[in-house]
Amino acid sequence: MKLHTKILIGLLAGAAAGVVSRAPGAGWLANALIAIEPVGTIFVNLIMMVVVPLVVGSLFVAMASLGNARKLATLGGRTLGFFLATTITGAVIGMSVALVVGPGAGLDPAIRDALAAQFESNASRAAAAANSAPGIVQLLLSMVPQNPFGAAARMELLPLVVCIVIFGAAATQIAEPRRQVLVGFFQGLNDICMVIIAWVMKLAPYAVFALIGTTVARFGTDLLRHLVVYCLVVAVGLSLQVGVLMLLLKVLARVKVIDFYRGGVKAMLNRESARLNA
């Protein structure tokens with residue numbers, strides 16, 4: 001059975017178990033679901049655990065493998081422009097879809113207050129960050145970290161990316177044998193992250209069951225309905241963004257969409273085959 005099928009089964013089973021746990025006399029099931037919530041939390045933590053090493057490994061390999069600082073500068077400028085343009089487009093699409101649909105509107109005030117109480121610390125930090133949003137100068141200064149390890153520990157990916165790009169560009173200027181040693185190390189780090197992700201994803205169906213089951217057991221089907229609407233909004237927004245990216249692929253790169261997908265699938269299959277045969 002495919003992994004995505006197992007995840008879907010875990011999602012539906014968790015939602016059903018959560019609904020049943022709300023029935024009279026089913027308190028034992030609600031307690032059982034809440035007891036297995038750490039399975040979902042561990043899954044999320046494991047995924048977050050590999051984010052930094054995966055970004056570091058893949059980005060350094062990409063930068064250092066170019067072998068030419070001038071080519072790196074040209075590619076970096078184009079990549080930054082493309083990144084900013086698509087990010088702004090994605091933000092506009094997401095906000096537009098959310099404003100039209102209004103996910104979360106009409107949520108039971110009691111459930112809303114319960115959620116706010118449970119995630120009060122996270123909400124307070126997010127509000128504080130929004131209120132203290134830096135200006136342009138401070139934003140530019142924050143992009144260059146004094147301590148890249150500190151940025152990694154705080155999950156500040158933008159300064160970390162800038163740091164890795166600089167180190168990757170510097171690696172193109174050292175002797176080829178030494179550069180290949182560095183590239184080999186970070187390629188190995190990237191491969192390790194992919195192996196860990198493959199392991200962690202085997203836990204995904206059970207984690208999804210635990211997370212959705214606990215959520216429904218605590219807050220009921222009203223929240224579940226709003227979560228479904230939210231997921232649909234996200235899916236619509238992502239679909240529109242993919243349409244924009246495919247249009248850019250056709251116009252800017254002059255590549256047929258079907259050829260792009262075929263090439264991507266072939267590359268992923270080759271990578272997986274090489275990993276299994278290693």
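This is a predicted model: local features need pLDDT of at least 70, side-chain atom pairs count only at pLDDT 80 or more; totals for chains, interfaces and linings use all residues.
How many of the 278 residues of this protein count as buried? The share is 23%, where buried means under 20% relative accessible area, exposed means over 50%, and partly exposed covers what lies in between, with a 1.4 Å probe and protein chains only.

Residues are numbered from 1 along each chain as its sequence is written, and side-chain values use heavy atoms, with hydrogens and water left out.

Let me start with the overall layout. If contact is taken as heavy atoms within 4.5 Å, then among contacts between residues at least 6 apart in sequence, 80% join residues at least 24 apart. The protein exposes about 18100 Å², of which carbon and sulfur atoms supply 72%, the areas coming from the Shrake-Rupley method with a 1.4 Å probe and, for residues, only the protein chains shown counting as cover.

Now to the interior. A nonpolar core here is a set of buried Ala, Val, Leu, Ile, Met, Phe, Trp, Tyr and Cys residues joined through side-chain atoms within 4.5 Å. The largest one has 13 residues, and those with the most contacts inside it include Val52, Val56, Phe60 and Phe186. Helix 4, helix 10 and helix 11 are the elements that give two or more residues to this core, and the largest share, 7 residues, comes from helix 4. If we leave aside neighbours within four places in sequence, Val52 is in contact with Ala152, Met155, Leu157 and Leu160. There is also a second, separate core of 5 residues, which includes Ala17, Ala30, Leu33 and Ala217.

Two of the core residues bring me to the aromatic rings. Rings of Phe, Tyr and Trp (its six-membered ring) pair if their centres lie within 6.5 Å, and planes under 30 degrees apart count as stacked, over 60 as edge-to-face and the rest as tilted. By this rule the count comes to 2 aromatic pairs. Phe60 and Phe186 make a tilted pair, at 4.3 Å centre to centre with 35° between the planes, and this pair links distant parts of the chain, with Phe60 in helix 4 (residues 51-64) and Phe186 in helix 11 (residues 176-201), 126 residues apart. Phe185 and Phe186 make an edge-to-face pair, at 5.1 Å and 85°. Phe186 is buried because its relative accessible area is 16%, whereas Phe185 counts as exposed because its value is 54%. Together, Phe60, Phe185 and Phe186 form one aromatic cluster.

Next, the charged pairs. A salt bridge is a side-chain nitrogen of Lys or Arg within 4 Å of a carboxyl oxygen of Asp or Glu, and the structure holds 3 of them. In one of these, Glu37 bonds with Arg218, the closest N and O atoms being 3.0 Å apart; Glu37 lies in helix 3 (residues 37-49) and Arg218 in helix 12, so the pair ties together parts that are 181 residues apart in sequence. Glu176 and Arg179, by contrast, both lie in helix 11, 3 residues apart, about one turn of the helix, and their closest N and O atoms are 2.2 Å apart. Arg179 is buried, at 8% relative accessible area, while Glu176 is partly exposed, at 40%.

For context, most residues other than glycine have a negative phi. Met155 also belongs to a nonpolar surface patch of about 360 Å², made with Val44, Met48, Leu157 and Leu211. Such patches are made of residues with over 30% relative accessible area and no salt bridge, like charges being joined within 9 Å and nonpolar side chains (Val, Leu, Ile, Met, Phe, Trp, Tyr) within 5 Å. Met155 is partly exposed at 32%, and Leu211, in helix 12 (residues 204-219), is partly exposed at 31%.

Note on methods:
Helices (H or I, at least four residues) and strands (E, at least two) are DSSP runs, numbered from the N terminus.
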